[in-house]
Every structure is written in C-alpha cells, then in structure tokens.
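Notebook open, viewer open. I wanted to see how this one is put together, and I jotted things down as I went.

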Amino acid sequence: MRKLKLAVLGASGAVGREMLRLLEEYQIPVEELRLLAGPNSAGTKIPFRGKMHTVRCADEESFAGLDYVLGASDAPVSRRFAPAIKQSGAVYIDNSSAFRLEHGVPLVVPEINGQDAFTHEGIIANPNCSTIITLMAVAAVHRLSPIRSMVVSTYQAVSGAGVQGLRELEDQLAAWVQGQEAKPSVFSAPIAMNLIPMIGGELDGGYTDEEMKMQNEGRRILHAPELTVSCTCVRVPVMRSHSISVNLWTEEAVSVDEARRAIAAFPGCRLADNGRPTPLEAGGQDLVLVGRIREDLTRPKGLSLWCCGDQIRKGAAANALQIMKLLEEV
Ligand SMILES: NC(=O)c1ccc[n+]([C@@H]2O[C@H](COP(=O)([O-])OP(=O)(O)OC[C@H]3O[C@@H](n4cnc5c(N)ncnc54)[C@H](OP(=O)(O)O)[C@@H]3O)[C@@H](O)[C@H]2O)c1
C-alpha cells in the first residue's frame, strides 16, 4: 500500500483513539497524520507510533493535501466539515449518522457490500455500530435465502455513547460502592446496576431513530429494499461490545445446520466455541461472535441467534479502516 496522508477528525474521542490504535496494529503506512478535534482537546497530545502528536482544533483549512479523512465526530460536526473535505479532494470515511441515507454516499460493510465503496463521490459512510454487528452475523444466512424480516433486541455498551458514556458508568459504579446516589447526566437514568430500555430520540409510533437504523441502513447494506425490522435498543452496564438477539425470517427455509455452516465460513464471523458469546469475549477483536442458533418457534422459515461484537472496533474504527484498505488495495 502507498504511504497515506491522513487526518482523524475527532481524534480524542472513543472511536478516534481506536482508529489510531488500529492504524498501528494493521501497520498501515502513514506519511502524514493530522489529529483534529474540537476546542476541548486542542493542544493535548496523543501517542502514535512512539511519538507524541498534538491535537489541533479542526477548521475548514485542516484538510488540504490529504488522501483520507477518517471521521470520528458527531453528525453536526461531520456536516459542517464535509464540504471542505470534499473540496480538498480527500476521501471522507465518516462514522457519524450524517450521510448514511444520502443518495451518492455508499454505506459499506466491506465483507457484505464492499463493491459499493467504489461508487463513492467523495464520502463513504460507516453504518451504525449495532447494525454492522447484526448484519455481519446474518449476512451469510441472507446469501442462502433473502431475509424478509427481523425482530432485533440490542444490549448496547456504555462506550457506544463515547468517552462520556464510559466515564458515567465508572463514576456511578464508584458511587454505588460507597453507597452514594448515582446521578445520571449522559444517560436518561442511572446505568450502574440498571439498564435503560430506550436509546435515541423517539419518533412517531414509539420507535427511536437509533432503532430505525437497523431497518433503514440494513436495507441499503443488504440491497434488500423490502426488509422490515422491528428493533428495541437497550443500554446495559457493559463497558465495551454490543450484544444482539435476532429472530429472522427468510424467503425459503434455512436449517440450523445450514445457517451454522454458512456463518462459520463468513469472513469476519466466528461461531463461539461454547455457543454462548459474551461482550467480554468479543472485546478487543474485529470478529463478530455468533451463537445460540436455533429454529424460531413462532413461524416457519425462521431462525433465532445471538451475537456480540466490539462496537468501537468492527462497529466503527475497524470497519472504517477496512474500507480505506479496500480502496487502496485494488
Ligand atoms: N462509540 C461508539 O461505539 C461508536 C460506534 C459507531 C459509531 N460511532 C459514531 O462515531 C462518532 C464518534 O463517536 P465517539 O463515541 O468517539 O464520540 P466521543 O468519544 O464523544 O468523541 C467525539 C469527538 O469529536 C470531537 N469534536 C467535538 N467537537 C468538535 C468540533 N467542533 N470539531 C472537531 N471535532 C470535534 C471531540 O473532540 P473534543 O475532545 O475536543 O471534544 C472528540 O474527539 C459519532 O458520530 C458516533 O455516533 C460511535
């Protein structure tokens, strides 16, 4: 691979820092690296390949001469800087939700729809983290027979809400041990010793924007415009890695054995050794772990399964770097 000129936009956050770790781990050749964030982190230093790099406050002039901008900011920041990034000629691989449903912006999980990345017009969107992990687990079944519908429940780690989400659980656990009240600020209720059965903003009909990503983004990634998904997103007191329970129905019946074999052979997936993957086991690696594959008992042509994946790696940073490698390695 050629030596790349890169910027990480949101370098001080949970996803941005993981991108830096993975650039090292994947041994991606880097000629120039710009660490960009907001005013809070400007001037702080972050290590990369044995050297300290200073974080700069991003502005419209930050992107000239780059090959790629790896986006790890929220959607409003991403929308603000996207025109300047496009103007610079760099390819923008964005982790936020800003452009995921926009025409002309491919939404890519390399193992599933990698070819879509090559249709980009300057921006490529990384899908929602729970959506990536779920689709990685079910894509092999979808290739055996198209999935028509899914009922999905997510068990999402606090780090899905970024650095502040992690701190909130740590602080509340410390307060709980001392018998003090756990005051919520990032989440809508205490998260230590608890769970919160709703993530995201409520839409008409009671589902949230986070829950609808599973259907809206799933349709684009699987090239299945008729796919229907009923999703419930739950925040759980887990530091890292999301877990997901899935019931799915296919056009033609797929047996449990056929599904097991297909999932085991799918790149980026692993059948959990004991059949019961946990978020702790899934953390720190790019593989999505799948288990508890059973026949659905409510309707014919249905399967039920459980999967876990590190949402900061495969659900965000790793997926984005895999997209960049895909574009570079043709
Ligand atoms: N966490 C996950 O598991 C996960 C998974 C998939 C996708 N995502 C998405 O990835 C994005 C980043 O998430 P995160 O969890 O890493 O959030 P985070 O920990 O809160 O980090 C946000 C980053 O954005 C930076 N930022 C804030 N204002 C900025 C500005 N005006 N200009 C430039 N940068 C600015 C922050 O810098 P300061 O330090 O200066 O504030 C920080 O580096 C979000 O869109 C999120 O939805 C997250």
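**Starting at V8.** I looked up the contacts of V8 first: leaving out residues up to four places away in sequence, V8 touches G16, M19, L20, L35, L36, L70 and A72. Contact here means C-beta atoms, placed from the backbone, within 7 Å.

**Ground rules.** I am working on a predicted model, where local features need pLDDT of at least 70, side-chain atom pairs count only at pLDDT 80 or more, and totals for chains, interfaces and linings use all residues. Residue numbers start from 1 along each chain as its sequence is written.

**The cores.** Next I asked which residues touch the most other members of the largest nonpolar core. They are V8, M19, V69, A137 and C307, in a core of 87 residues. For the record, a nonpolar core is a set of buried Ala, Val, Leu, Ile, Met, Phe, Trp, Tyr and Cys residues joined through C-beta atoms within 7 Å. Buried means 20 or more other C-beta atoms within 10 Å of the residue's own, exposed means 12 or fewer, and partly exposed is in between, with C-beta atoms placed from the backbone. Helix 4 (residues 129–144) gives the largest share of this core, 10 residues. The core lies between domain 1 (4–127 + 316–328) and domain 2 (131–311), because both give residues to it. I also noted a second, separate core of 5 residues, including A157, L169, I191 and V238.

The split into domain 1 and domain 2 is the domain assignment of the protein chain, with bounds from an automatic or database assignment. I get 25 Å between their C-alpha centres. The contact takes 13 residues from domain 1 and 18 residues from domain 2. On the domain 1 side, helix 3 and helix 9 (313–328) are the elements that give two or more residues. My helices (H or I, at least four residues) and strands (E, at least two) are DSSP runs numbered from the N terminus.

I traced an open sheet of 7 strands, order 3-4-2-1-5-6-7, with mixed pairing. Strand 3 (45–48) and strand 7 (123–125) are the edge strands, each pairing on one side only. Neighbouring strands are turned by 25° against each other on average, direction ignored. Pairing needs at least two DSSP bridges between two strands.

I then went through some of the pairs:
- Strand 3 and strand 4 are antiparallel over 4 bridges, with F48 opposite K51.
- Strand 2 and strand 4 (residues 51–57) run parallel, joined by 3 bridges, and A37 stands opposite C57.
- Strand 6 (residues 91–94) and strand 7 also run parallel with 3 bridges, and D94 has A125 as its bridge partner.

Helix 2 (residues 75–88) lies across strand 1 (4–9), strand 5 (68–71), strand 6 and strand 7, and runs at about 160° to strand 6. That angle is between N-to-C directions, from 0 to 180 degrees, with axes as lines fitted to C-alpha atoms, for helices over the stretch in contact.

**Helix 6.** I checked its length: 14 residues at 1.5 Å a residue should span 20 Å, and the end C-alpha atoms are 19 Å apart, which agrees. The expected span is 1.5 Å times one less than the number of residues. Which residues of helix 6 are buried? I listed E210, E211, K213, M214, E217, G218, R220 and I221. The buried residues pack against helix 3 (110–113), helix 4, strand 8 (147–156) and strand 9.

Most residues other than glycine have a negative phi, so I went looking for exceptions. Helix 6 is followed by H223, with phi near 55°. H223 lies in the loop between helix 6 and strand 9, and counts as exposed because 12 other C-beta atoms lie within 10 Å. Q27 also has a positive phi near 55°. It sits in the loop between helix 1 (14–25) and strand 2 (30–37), exposed with 9 other C-beta atoms within 10 Å. R49 takes a positive phi near 50° in the hairpin of strand 3 and strand 4, which has 2 residues between the strands.

**Last stop, E226.** Where is E226? I found E226 in the loop between helix 6 (209–222) and strand 9 (228–235). Buried or exposed? E226 is exposed, since 8 C-beta neighbours lie inside 10 Å. From E226 to M198 I get 25 Å, C-alpha to C-alpha, across 28 residues of sequence.

Technical notes
Contact = placed C-beta atoms within 7 Å.
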